[in-house]
Each structure stands twice: as C-alpha cells, then as structure tokens.
Amino acid sequence: MSEYDRIGIIFCDPPSGYTPVDLSDLIIFVRDNLKIPVIIDQPRYLFSDFHVLMETIRHHRLTSVILAGIRPERFRQIVRTAMTKLGYQAESVVIADFGDTWCVYESQVQNVYELLERVHSQVVDKRHQSSHIQQDTIVIGAGIAGIQASLEIANAGLKVYLIEKSGTIGGHMAKFDKTFPTLDCAACILTPKMVEVGQHPLIELMTCSEVVAVNGTPGHYKVTVRQSPRWVDVKSCIGCGTCSEKCPVKVSSEFDEGTTMRKAIYMPFPQAVPNKYLIDGEACRFIQEGKCGVCVKVCPVTGCINLYEVPREIEIEAGNIIVANGFKPFQASRIDRFGYGKYPNVLTSLEFERLINAAGPTGGEITFRTTDKKGNSVFVNDSGKPQKIGIIHCVGSRDENFNPYCSKVCCMYSLKLAHLVREKLPSAEIFEYFIDMRAFGKGYEEFYCRIQDEGVRMIRGKTARVDQIDGHLHLRTEDIIAGRMLEQDMDMIILSIGLEPADDQKKLSDILGIDVDEYGWFKAVRYEIDPVRTNRPGIWIAGVCQGPKDIPDSVVQASAAAAGVLQSIMSDRLTDSEVFPLTYMIN
Amino acid sequence: MISRVDPEFKQELHKYGLREWNECFHCGNCTAICPLTKDDNLFPRRGIRLAQMGLKKQLVSSVDPWLCYYCGECTETCPRNANPGELMMVLRRYLTSCYDWTGISRLFYTRKIWELAAIILIALGVIISFLVFLPPSPDLFSKPQAFINEQGGVMINSLANGISASRFVQLIEYGDLLMAILVAGFLISNIFHMFYRVILSDRNLKFPFYSYFTEFWSLIYNFVTQARFSKCDNRTYWIGHLLVMTGYTIMFTLIVAFLKEFQIEEIKPWYHWQRLLGYYSTFGILFFLIYTFIGRIRKTDLKMQFSHPSDWMFIVLLFFTAVTGILIHIFRVSGLPAATYFTYLIHLAFLVPMIVIEVPFSKWSHLAYRPFAVYFDRLRRAGQNRQSIVELTPAI
C-alpha cells in the first residue's frame, strides 16, 4: 500500500428514531487495530453539504471509504459521487452495515469489531489481489444455448471446454422438426452450428462428461470433470456402423423419445457430433454380464472399442463458467386423467415431434401407435391415419398441483404441431384446447392467426380428462366461448407438456454454489437488467436452465453470457461488484 | 335484460363461508371434470363467474348449485386451488337465504349467534310449555310401578300429572300440528319464492304447460333416490346420505302423521314394523352422523374440509335428538318412568328447534330445494330456450 493509497472510515449518523450511540470505544478500536483515519459524521453536517464532504475526504487523502453505521446505504450515492469527482472508482465506497439492533445489545459490539476488521481486510486484500483472470471458459451443457455461447467465445479467439452429459451435442433442439414461427427446419439451423463446434480448434468438446466439483476463486476456478467411458475411441472410430449392425441388444432410443429402438452400441442420431459411436453401459451385455463382445470382433479399427475403459476425472482451470444445462420435459404420466401411458395414442408433444419428423420412426407419416409381437409400442406405417387430433395445452404447467408457472413455449409449439399435421393430413380435424393462447413474440400472433385460417379449431377450455371408449379417445372440455360442454371422440391426443428443471439442477447448483428459485430454475441476480449473472462471480447462466424460454431467447441469453465472459477476460477483471461485494453486514 | 353488477358481492359471500375465489382463471377444468355437467349446465365455473362479477340476479335464478353434490373432484384437480366445490357449497347457503323471504335464514347464516339464540329460545319455550301443560306426575319417583305396563315397559303417555293417556297424545299431536303448519308454511312459501325466481321471473322462458306434469316424476324420483348423487365418485357418501334422508323422513312422518299409532302405551315386539322402521332410522341417522363427525374433524375429505357454523349446528342438533330418542327407547323398555319422562322432555327440546330452525331456514331445506332444482332445471330444458342460456353465459 502506497502512502497515497489510504482507506478511511466514516461513521454515519443513525437514522432518526435511533438513539445516538457512544462511539468512543469504537473509535479507539479502529485507531488502535486498523490504524486508519476515522471521520465521525455529525447530524446535518457531512452529508448535507457536498462541499464539506469533498473537503473532508481530500483532507484525509482517502482513496477508499468504508461507510459504517446503521443503514449507511443511505449515503452511498453521495459519497460515490464525491469519490468519482475526486478521480476514484465508484467501487471504492464500501458499506459496513451494523444492522438495526447493534446499539441495543452490548453483545453486538464484538460483532461490530469483527465486521469492521473483515471489511478492512477485504479492502486491503483487494489492493493486493492479482486481477489476472484465467482465460479459459467452461460451458456446461451442449444444447443450443451451450453451443451458441461456446461459438461466441471461441470465435473471439478464446479457449472453451464444452461439457456435455450425453454422447452428442445438440440437446432438445436436435429432436425438433420445425421451429416456430418461421417453420424453419430445426436440424438445418442447428447442424451447421454443431459441426462448427465439433471442428472448432478452440472448442474442446467433452461428451459423456459431468462437472463433479468446482474449487478455486472467481476468475480462477478449478473444475473437476468426470468423464464416463464411451468405450469407443472418438479419435479412431470411423463411424462405419458395423458394430451397431451386429450388436444383439435393442433398447428404446432416447433421441426418438422411445418411438424407435436402437442398439447398445449406437450413434444417437445420424448428425450427432462427435459423429462417432458410443456404448450404452446399462444395456451392453459385456459391460453388465461380461458376455458378448461382438462389437470388438467386427470393428475394422484395432483398439477402437475398449470394453475395459473406466471413468476418469479431469481437472480444468477456467476463469468463467457458463451453465446451460437446459431442462427436463414434464412427465405426462404424472397426470393420470389424461391417460398417458395407459392409452397408446395419447402422445407427448416430444413424441409427436419425433413421429412427424422425416427422420423419425415412420419417415414423417402420422400413424397410430400399436403394440408389436414383443409387446413394444411401435408406430407402423400401415396402421391407418388419425382423422381427429386433439392438442391439450398446459399439461403440467399453470397448475398449482404441478408447476404453477407458464412454460412459455407450449402454446407456440402446439400451433406449430397443428400446422405440421395440417400439412401432412389435409383432411384431418385438429383441435387445440387452451386456457389462454400466449402468442407473445414477434410474428407469433400472426402465426396464431395463420393456423386459425388453416382451419385448426381453437377451443378455450382446459380438457379435464381423456378416456378410451371403444377405441376412441373420449375427452371432456368446457367450451367456454360457446358456453357448453364438449364431449368429443378423438383418434389421437397430443399433450403439450411443459418444462421442468433438469434432474441434476439441484446437484449442479450445490456444486457451483449458485442460487435456484422456488421452482428449481437457476436464479439470475437481477433478471431484468442482467439476466445472465448469478450470485457467484464468473458463473453465468444461459438458456432454459434459468427459466422456460424458446430457442431465440435461449440463443440471445447465451450470447449475452458470452459477452459477460468476454468482457471479464478483455478487461482482465471480473467487475468489482462481483469479486468484491460492496455491502457487508453483521453475520 | 339489464344486469346489475355488485362489486361488493364478494364481501357478502364471505359471511356464508367463502374463502379463495379470485384465484380462478376460468380454464373450465372444474366443469369438464364434473361427472354431472352436461350440455349447457356449466357448473361450477359459471357460478364462479357470476359470483365474481356480482351478478346476483342471475345467480338467484340459476339452480346450478343445487345440481352439484360436492364430490370434490373439481377442487382436487383445480389448477389454481380456487376450490370450486366449496364455492358451490357457499352458493347453496346463499341461495337458501335468498329463497327465504322472511330474512330469517340470512340472519342465521350470517350471524351465528342469532341461530344459537333462536335455538335456545325455542328449546326453553318447549321445556316451559311442556312442564306447564304436561307436568310430571309426583308418583314418578315414589311409585314407579304404577307406570309400568304388563310387558314391563313404561307407559309413556301416562307420565304427566292428572292427564289421561289419550289427552297426552292429543296435546303432543296439537304441538306437532302447530310445528308442521309453521314449518310447511315457511318451506312451501320459500319453494314458491324459488319457483318465482327461477321460472316465473324469466320472461324469455317458454315451455308447454303440460311439462309441469310430465316432468313432475323427476321431482319424486330424485327426492327418493338422489340418483344424481350416485353419479359422484364416492358411493359411501351417497349411501350415507340416502340412509339419513330416508331415516329422517320416516321418523318425521311417524311422529307427525302417525303419532297416535306410533306413541302408544304398549311396547310392541321387536319385529313389529314400527320398531323395525325406528331401528332403521336410528341406524341410518347414526351412520351418517358418525361419518360426518369423523369427516369434519379429520378434514381429509375435501368436501368436509371447511365447516361453516351452520354445518355443525345441524349435525349437533341431530346428534342430540337421535341420542335422546334412543335413550327414551332404552328407558322405556327397562321400565324407568322418571328417566323416560325427562329424557322425553329433553328430546323435544332438541327436536323442535332442529325442525323449526333447520328445515325452513337452514341446512335441512336442501332436502326440498335439491329435488325442486332438478324439477325446475328440467322445466327450463323443456322450453329449450337457448336465448336465456346465452344471456346467462358470461362474457369472456
């Protein structure tokens, strides 16, 4: 600390209504222990005359001010103004709030001493602290938000570690057929970005990986990543698919939402990045029982498949972490009166999304779900075409019994699904049962009107139940606008399921030390003006993990998080308010 | 049609036990989940809408609340925890007070102290007039054998001092008659008031006159079987309700219309039809009472979660009436004349207020309003007058 670098403490006058306290002990304590100048404010003295305040600070040659007392927050602005006028940073004003009760209880005095010592040492530390920030960034979750954030940072020329739990990047967006309201092909937008991530020299993609521990300080995080085995070497695999062809184990495909089957050694989907095979450890017979090993025998590349691979832990140093772990779709079977899981042709929106996709189980044909000889539910091409399709909105959302919040995307994707049905089955009757139609974005309302014009029937009223009667799905809804009860028979029901925080959200919040809100979404400290910043400096959030949002919003937030990261790296410091809180309270 | 909106209506409904109600965002789940709604019978949501908007006139002219039997499914599945089932209950209380032209019902529902005072006053009146007109015989304690008949039972009509058995029954019958006239007078005029509000005041409603007769069967059918109730999921509640209704009606008919045959000196053998009917009623009433007492105290069953004072008043009065009735029977059979006399007195002190207060002015009146509501509803349907329904449909 140079001679000109001086910290001073100002004891503020208590607000009216508080008994003035004898500060003499405190002054002696500060002089003896902290050895810094003490300024005592008199009523209507220091803060009522800006000139006097400036003169006082100048007289003591202070470069940092600790404002102490009962609710000293009141004077922060005026002191800040004075300090900036004197050429110092606004962050040089630090609050030490004694709380409301310290003067009432004698026992609080010791706490006040501790508080002042703590604040003082923080201010001193700040001057000595190296402000150099680790330049690498970790992005958790490789959905559209994670991909966008990684590309933004990597394209700026900085190293990114992209950590993905599953075997491929892409997330939920990869499963979608079209995006609303423009009806762009989702894969056509997403796959180029995925490929870019896969080929980017500055992005180190880590699939099958999870963050298990975060240590270190803001700007210098030490992140432990646990990489589960893929059992297939990403570098040497040529993606020929021979292993998958010969693999004897069949399980339902996560990517196709269970509408198709895949092998135990598989590629999640043809456009997966990395475009390499991996083994599902829970399904593989060799890993579970020690028998089989066919894939190793047929693999043309020696040493590519290693069935004895074990998980490993890697430690990465990073200055910033962007969390973009996405969401979990609402489990429709939790509402048993809709009959999901009981009646085969009650589908979730994600299942339907796969069904209608040209790469889906039927090549894009809308058919009925039937049961095959082995008891698996399958979609087969010759099972006929549904002629009456009902789409039920708000399944699990806006419901106090499940999630009280609006999932924001369901109205729009339901309209989109209605349009896709209309395209494929022009003669089908399509009904949408909604509580409120929330078409809030640019071009969304127009999209809603367009779908109405296409002859999709909009019915205001929450469907209460679905029963299967004589092979038809019988549903009961109150048609509120027409003022009558509707009892209709449908061929197929689509449940517009809402979004929920991912399963590992709570665990992740504990590991990262960031807050979640009442529903379990990550909390932005000030969502309105800073929607990507968490309570922990250097940890940013993007995408649905912060709250339900659609693709454009997720992308926007991802770019904003990237901007925050880049700002911290370019300025070589995290904003003062992050590493260095400006208000301290008695514990 | 001019609609008057009363923004203060919510405050009024609070007195009838209303809790949450602004929670409702009109998704229509309650109407759709209800096993009883059909076509344009859109309860409970329409009732909530009318209540929210304070459309009192439309509310009073609608019979929807009476068509609901509170199975609780709407409340259970309501996405806003707005408790539509309870609102229907509140509206039934409100409608009861609206149908009652004297205003007594409103007073009892909104100020529980009045109901209590009325009950105590009537009970005291019964006790005093009983002691004045039928004073206890001084021989009750000194010579109890004098009141025992050859079967060893108490001769119930000879317990009063210097009053012959036939005179005793006659006096009680006069009392019965007075009570019946009073209660029936109020109840019938209230039903007529209901008829006026629901059917007559609706000028757009036109249906053929013969419908009054062709639809009349629904009144009888629904009164006897409570068939609509059986459509609700909880069958036990329906059976309990049916038991208490039939038990109560049988008892009421016996003591009002057939007192001379029912209250006689000799004790009939246990298999006699009178005793069997009495036992059936006792069982029915007790079964229902135990079921509701447990339900209202445990509060696990949605429909019994919130108890208005009037709910308690009714089951407590019925409980004491039933218990004293059983005690009379026991004391009679065991040959205890003094105990019989005084229990009889207490029995009347509970029975009379229960009937006078509860039947025309409070909870018991639903015994009449419910079947009449079904009847009126069918009359309205007979008109097939869509226009009135459109007018009832709230604007969104």
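## Ground rules

This is a predicted model, in which local features need pLDDT of at least 70, side-chain atom pairs count only at pLDDT 80 or more, and totals for chains, interfaces and linings use all residues. Residues are numbered from 1 along each chain as its sequence is written, chains are lettered from A in the order in which they are written, and side-chain values use heavy atoms, with hydrogens and water left out.

## Cysteines of chain A

A disulfide is a covalent bond between the sulfur atoms of two cysteines. Here the term is given to a pair of cysteine sulfur atoms within 2.5 Å. Over all chains, the structure holds 1 disulfide. Its partners are A:Cys185 and A:Cys188, with sulfur atoms 2.3 Å apart. The torsion about their S-S bond is about 85°, so this disulfide is right-handed.

How exposed are these cysteines? Relative accessible area sorts them: buried is under 20%, exposed is over 50%, and partly exposed lies in between (1.4 Å probe, protein chains only). A:Cys185 is partly exposed at 27%. A:Cys188 is exposed at 52%. A:Cys12 is buried, at 8%. A:Cys208 is in no disulfide; its nearest cysteine sulfur belongs to A:Cys237, 13 Å away. A:Cys208 also counts as buried, with 8% relative accessibility.

## Two domains in chain B

Chain B is assigned domain 1 (9-99) and domain 2 (104-375). Such bounds come from an automatic or database domain assignment. The C-alpha centres of the two domains lie 29 Å apart. Contact (heavy atoms within 4.5 Å) takes in 31 residues of domain 1 and 29 residues of domain 2.

The size of an interface is often given as the accessible area lost when the parts come together. Buried area here is that loss, found with a 1.4 Å probe and summed over both parts. Domain 1 and domain 2 of chain B bury about 3,100 Å² between them, with 62% of it on carbon and sulfur atoms. Of the area that domain 1 buries against domain 2, B:Trp66, B:Tyr69 and B:Tyr99 supply 26%, more than any other three residues.

## Links between the domains

A salt bridge puts a side-chain nitrogen of Lys or Arg within 4 Å of a carboxyl oxygen of Asp or Glu. The two domains of chain B share 2 salt bridges. B:Glu12 forms a salt bridge with B:Arg106, and the closest N and O atoms are 3.2 Å apart.

Which helix gives the largest share of the domain 1 side that touches domain 2? The answer is α7(B), with 8 residues. Helices (H or I, at least four residues) are DSSP runs, numbered from the N terminus.

## Where chain B meets chain A

Between the chains, 25 residues of chain B are in contact with 20 residues of chain A. The buried area is about 1,900 Å², and carbon and sulfur atoms give 51% of it. The count here is 2 salt bridges. In a salt bridge between the chains, the side chains of A:Glu478 and B:Arg45 meet at 2.9 Å, N to O.

On the side of chain B that touches chain A, α2 (29-33), α3 (45-53) and α6 of chain B each supply at least two residues. α2(B) gives the most, with 4 residues.

Definitions and conventions: Buried area = accessible area lost by both parts, 1.4 Å probe.
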